[in-house]
Amino acid sequence: MKRRKLLKKLPVYLFLTVFFLISFFPVLFTFMSSFKSNMEILTTGNSLFPRQFVLENYIKAWQMADFSTYTKNSVFLSFFCVIGAVLSSTCCGYVFSRARFRGKEFIYYLMISSMFVSLGTLTLYPLLMIMRVINLNKSLWGVIIIRVFGMNVTNLFIARGYIATIPTEIDEAAKIDGCSFFRIYYNIIFPLCKPLIATVAILAFRSSWNDYMLPMVFTMTDPKRMPLVVGIMRLKSSGAAASSWNLMLAGTAISLIPMMLIYLVFNRYFVAGMTNGAVKG
Amino acid sequence: MKHPSAVIRNRGLRQDNLQAVLMILPFLLGFILFSYVPIIYILRYAFTDYNGYTAANWTGLHNFQRVFTKDPDFWMSLVNTVTLSFFKLLAEIPLALLLAVLLNQKIKGIGFFRVTLFLPAVISAAIIGLIFSLLFAAFNGMVNTMLQTVGLIGKPINWFGTKGNAMLVLGIASVWQNYGINMMFFLMALQSIPQEIDECAELDGAAGLRKFFGITLPMIAPIFESVLLMAIIGSLKVCDLVISLTDGQPGGQTEVAMTYIYKFFFGKSGRNIEIGYASAMSLITAVFLGLVTLVYVRGTRRIKGGVKE
């Protein structure tokens, strides 16, 4: 009986294992290749494991190819995007779930509707023009401001939904004690939002760490301000692409490691965040 | 007696509303500034010959005339976008659904697969393009070597040498990037089906495919619908992946709408900066995206109506 059951499950396991390999192989390949010498990548780049493990790529990428600067910029960009996203989504989620002023619903649906008007790459140039007005068109601050104040609809969904589950009796008790609307947010609601904050923070980290087009157009003329992904891609599109594959791979590995670690530790929040907003909205 | 306290409460409410408005005001302004103002810019430039340096001259419908009569490359990029989206979703959505069904079982080690199959979804699209361009490299790429070892091909394929091959690689990379997230959407949907319904179906003798198409699929239909809409819009707006994987190679033949227009905005790949013209193309693309959404929403509504009758 038990054996028959196992036999029935065997094709399922086989199929899932194949897809595990498919999902995992390109990542493993990248990490392995990042330890190959450039000579090996270019001539016999077709064996998975390096013939000789070399750390040189990382040292070179870090010291000579500015990857230490790129990493610093990525950390800077992600840090402020995460803080901003946490504040904006808890703030707006709280207002849209609790406030009672006229026009609230209208504003909420106006913001949600932007999901269908968003034109992605097509608005990059206008965004650059808008930021030029306040002289931030050549700085990562421009990217941060757009990402934080531009409002992320998914985050707004999740935040409003989460805060709506906090019992309103808590607010009312605080109100009787003389707390104002903002004080209730600051002293009571915000501290109760820990799971929400974790989800939003991780989603914001993922999107800002991985972002390419927006930071690219904001740092086009100034390599010293580029975040990791932009820096890596700059090597690829430069004339010397062939001779710098090893640096690109080391850079890619550097950009993948934090993302992977955070995903493995917090994958519950990742999945919850990335699916909730869409399915329930 | 009640009068004074009501006044205080009223004043308190007004105070609260003021604070609420102040709290969302910066985000509301930012939202309008970064979501709607760019569209106004595009609308304004679309009827001019603005090039980023000299003053913009009003040229009326000239840009649109140029798109419709003199720019087959733009239409090719739009056709490429639709072709790529269609074929990759044809593979991706059933695959994601199948994997979700498999992952929805209570068997040992399922948690491991749930975590690992979702892994590609957390990687940057640009980085995915980079990795796949190395995997599919013509002369010593991993994929060629593997295919040769198995004996499927005699000599290495130049994956980025012909349009067909390059589009195929784009499709594969795009499916790899997105099947995990769609799989998770479907898995969430499957888990929201009440257990009793499942058990009832089994008692009535429905099992396997019949149960899947008769019970499971209709149950997750609403979520399926919105997931598919997001997948369609997302793939029509693909940009990062294409730029980093083929960048239009060979010879601009794999350009998609977003990358093609981007190059006119920023003067990449040897083009001149033509903001006005790029804006006109953006408008046409935006209208196209809007139409697709509209047709989809109308279409699904009709299907639903049909089912009810």
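In helix α5 of chain B, the buried residues are B:A125, B:A126, B:I127, B:I128, B:G129, B:L130, B:I131, B:F132, B:S133, B:L134 and B:L135. Buried here requires 20 or more other C-beta atoms within 10 Å of the residue's own; exposed is 12 or fewer, partly exposed is in between, and the C-beta atoms are placed from the backbone. Helices are DSSP runs of H or I with at least four residues, strands are runs of E with at least two, and both are numbered from the N terminus.

Some bookkeeping. This is a predicted model, in which local features need pLDDT of at least 70, side-chain atom pairs count only at pLDDT 80 or more, and totals for chains, interfaces and linings use all residues. Residues are numbered from 1 along each chain as its sequence is written, while chains are lettered from A and ligands numbered from 1 in the order in which they are written.

On confidence: pLDDT is the predictor's confidence in each residue, from 0 to 100. Chain A averages 85, and 93% of its residues score at least 70. Among the elements of chain A, the lowest mean, 73, belongs to helix α2 (residues 38–44), and the highest, 93, to helix α4 (residues 67–98). Where pLDDT is low, the predicted coordinates should not be read in detail.

Back to chain B. It has 12 helices and 0 strands. Its radius of gyration, taken over C-alpha atoms, is 26 Å, well over the 19 Å from the globule rule for 309 residues, so chain B is more spread out than a compact globule. That rule is 2.2 Å times the number of residues to the power 0.38. The C-alpha trace spans about 85 × 65 × 40 Å along its principal axes. Of the 309 residues, 39% count as buried.

Is helix α8 of chain B covered or in the open? Of its 9 residues, 195–203, the number buried is 0, so the helix lies largely in the open. After α8 comes B:G205, with a positive phi near 90°.

Now the domains, whose bounds come from an automatic or database domain assignment. Chain B is assigned domain 1 (1–35) and domain 2 (71–308), with C-alpha centres 44 Å apart. Chain A has domain 1 (2–33) and domain 2 (56–280), and their centres, over C-alpha atoms, are separated by 33 Å. The contact between the two domains of chain A takes 4 residues from each of them. A contact means that the C-beta atoms of two residues, placed from the backbone, lie within 7 Å.

How many residues make up the chain–chain interface? On the chain B side 65 residues are in contact with 69 residues of chain A. Helix α1 of chain B, residues 2–45, supplies the largest share of the chain B side, 21 residues. That side divides into 48 nonpolar, 14 polar and 3 charged residues. Nonpolar means Ala, Val, Leu, Ile, Met, Phe, Trp, Tyr, Cys and Pro; charged means Asp, Glu, Lys and Arg; the others, Gly among them, are polar.

One residue to look at in α1 of chain B is B:G30. Leaving aside neighbours within four places in sequence, B:G30 is in contact with A:F149, A:G150 and A:M151. It is partly exposed, with 18 other C-beta atoms within 10 Å.

Next, the largest nonpolar core, which has 158 residues; those with the most contacts inside it are A:V200, A:A201, B:M183, B:F186 and B:I261. Such a core is a set of buried Ala, Val, Leu, Ile, Met, Phe, Trp, Tyr and Cys residues joined through C-beta atoms within 7 Å. Helix α7 of chain B (residues 163–191) gives the largest share, 15 residues. Outside four places in sequence, A:A201 is in contact with A:V82, A:A85 and A:V86.

Last, backbone geometry. The peptide bond from B:Q249 to B:P250 is cis, with omega near -10°. B:P250 sits in the loop between α10 (240–245) and α11 (257–266) of chain B. B:D247 is in the loop between α10 and α11 of chain B as well, and has a positive phi of about 50° although it is not a glycine. In chain A, A:N135 also has a positive phi, about 65°, and is not a glycine. A:N135 counts as exposed, with 10 C-beta neighbours inside 10 Å.
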